[in-house]
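Hi,

Here is the structure I promised to pass on to you.

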Amino acid sequence: MHQTPSLPGTTDRRLAALLTLLTENSTIVISGTRIAREIGVSRTMVWRWVEQLRKLGVQVKGQHSSGYFLEKVPDILTPDLLRKRLKGNQFGKRVLHFFKTDSTNRVAMELGYAAEPEGTVVLAESQTDGRGRSGRSWHSERGTGLYFTVLLRPRLSPAQAPLLTMLAGISAQAAVQAQTGLVPELKWPNDLLLNGKKLGGILTEMHAEPNLVRFVIVGIGLNVNQEKFPAELSSIATSIRMESGRLTYRLELLARLLAQFESDYNRFLQEGPGFVVDRFQSVTSFAQGRRVRVDTGTETYLGTTEGLSPEGLLLVSRDNGPLVTVIAGDVTEVR
Ligand code: BTN
């Protein structure tokens, strides 16, 4: 069993063990005595934790005298179950789970400085300060989306790190397709869209020397089971549930995505940037022949996408102007 480091707010390892025990025996009544014995705490502690789980929205039935059971398996990203599902993989060997944190990217950044190993995953049921690109925030409603960050220590130059954003997009697209049949569109460099609305986004941050990356954190947000969004997002955001009408088991989707990301990551390290650039171009129609508006922060212009450069940058032929390379900025399709 991996010990969870004592990071403020992380789900207590024994609380997670209680959740796993109840989940694996759902609909069966388990006595407080057995729970206490199996997770190594007192019966009073079991009762306190059951109360805590209830406060967190887990429907634990029963009482102290008779025992406890779950009426239905909660869709909680139980770290033990995730680890089991990812046995043999490097990504997810170490999982830090939060019921609530400010931002999994913020936590992962701290872990990066604290010499945590590559493949460590920070995940949260909800975020109070989820971060998006360009200083935007990421809506992180409890228990409905996937909000997680993977810590990587690749031997790459800082200029190559943005390829990891594209790579994560490719992996996320494959995982969503495998589990739901829906095929999100990838919008360079970091968006997943369904029917033109935002389904997911990736925020990569790093700590680097001038020529060498020390660590990179890849934060992924995916809208999975949301039924609706706040008014200001309702015209631009969507979820798997809203598009398919079905609920998705988030743990399964997360496990698929992590396994896919690990295998794509290893291929990238072996084969080089060409793997990411070619794959990205083959799974998106956005990079070629689309009318776009580019906003670089200092200027805005219109043009048509002309593919990716060998480094993974977007090429745009400007209206009445030259072919330019977009290094950073917001690219929006105009119809
Ligand atoms: C974007 O499209 O602007 C990127 C959104 C990235 C959101 C995810 S949610 C998990 C991780 N933690 C954060 O604070 N942000 C990323």
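What volume does the second largest cavity have? It comes to about 30 Å³. A search of the whole structure gives two cavities of 30 Å³ or more.

Before going further, a word on where the values come from. This is a predicted model, in which local features need pLDDT of at least 70, side-chain atom pairs count only at pLDDT 80 or more, and totals for chains, interfaces and linings use all residues. Residues are numbered from 1 along each chain as its sequence is written, and side-chain values use heavy atoms, with hydrogens and water left out.

**Cavities and pockets**

Both terms rest on a 1 Å grid over the protein atoms alone: a cavity is a set of points where a 1.4 Å probe fits but cannot get out, while a pocket is an open set with protein on both sides within 12 Å along at least five of seven lines. Lining residues have an atom within 4 Å of a point. Grid points are joined across faces, edges and corners, and a volume is the space filled by probe spheres set on the points. Helices (H or I, at least four residues) and strands (E, at least two) are DSSP runs, numbered from the N terminus.

Back to the second largest cavity: its lining includes Thr165, Met166, Gly169, Pro189, Asp191 and Phe280. α6 (162-180), β6 and β7 each supply at least two of the lining residues, and α6 gives the most, with three. By class, this lining has six nonpolar, three polar and two charged residues. Here Ala, Val, Leu, Ile, Met, Phe, Trp, Tyr, Cys and Pro count as nonpolar, Asp, Glu, Lys and Arg as charged, and the others, Gly among them, as polar.

The largest pocket holds about 1000 Å³ of space. It is lined by 46 residues, and those closest to its centre are Trp138, Asp191, Leu193, Lys198 and Ile236. Elements that give two or more residues to this lining include α5 (104-113), β5 (146-152), β6 (185-187), β7 (191-194) and β9 (213-222). The largest share, five residues, comes from β8. The lining of the largest pocket divides into 15 nonpolar, 18 polar and 13 charged residues.

For the second largest pocket, the volume is about 560 Å³. Its lining has 21 residues, with Gly57, Lys72, Pro74, Asp75 and Gly143 nearest the centre. They split into eight nonpolar, six polar and seven charged.

**Backbone points to check**

Two residues other than glycine have a positive phi. For Ala115, phi is near 65°, and for Ser134 it is about 50°. Ala115 lies in the loop between α5 and β4 (121-124), and Ser134 in the loop between β4 and β5. Are these residues buried or exposed? Ala115 is exposed, with a relative accessible area of 62%, and Ser134 is exposed as well, at 58%. The cut-offs are under 20% relative accessible area for buried, over 50% for exposed, and partly exposed in between (1.4 Å probe, protein chains only).

Axes are lines fitted to C-alpha atoms, for helices over the stretch in contact, and angles run from 0 to 180 degrees between N-to-C directions. Angles under 35 degrees count as roughly parallel, over 145 as roughly antiparallel, 65 to 115 as roughly perpendicular and the rest as oblique.

The axes of α1 (residues 13-24) and α2 (residues 32-39) come within 10 Å and cross at roughly 130°, so the two helices are oblique to each other. For α6 and α8 (residues 250-271), the axes come within 8 Å and cross at roughly 135°, which makes α6 oblique to α8.

Best wishes
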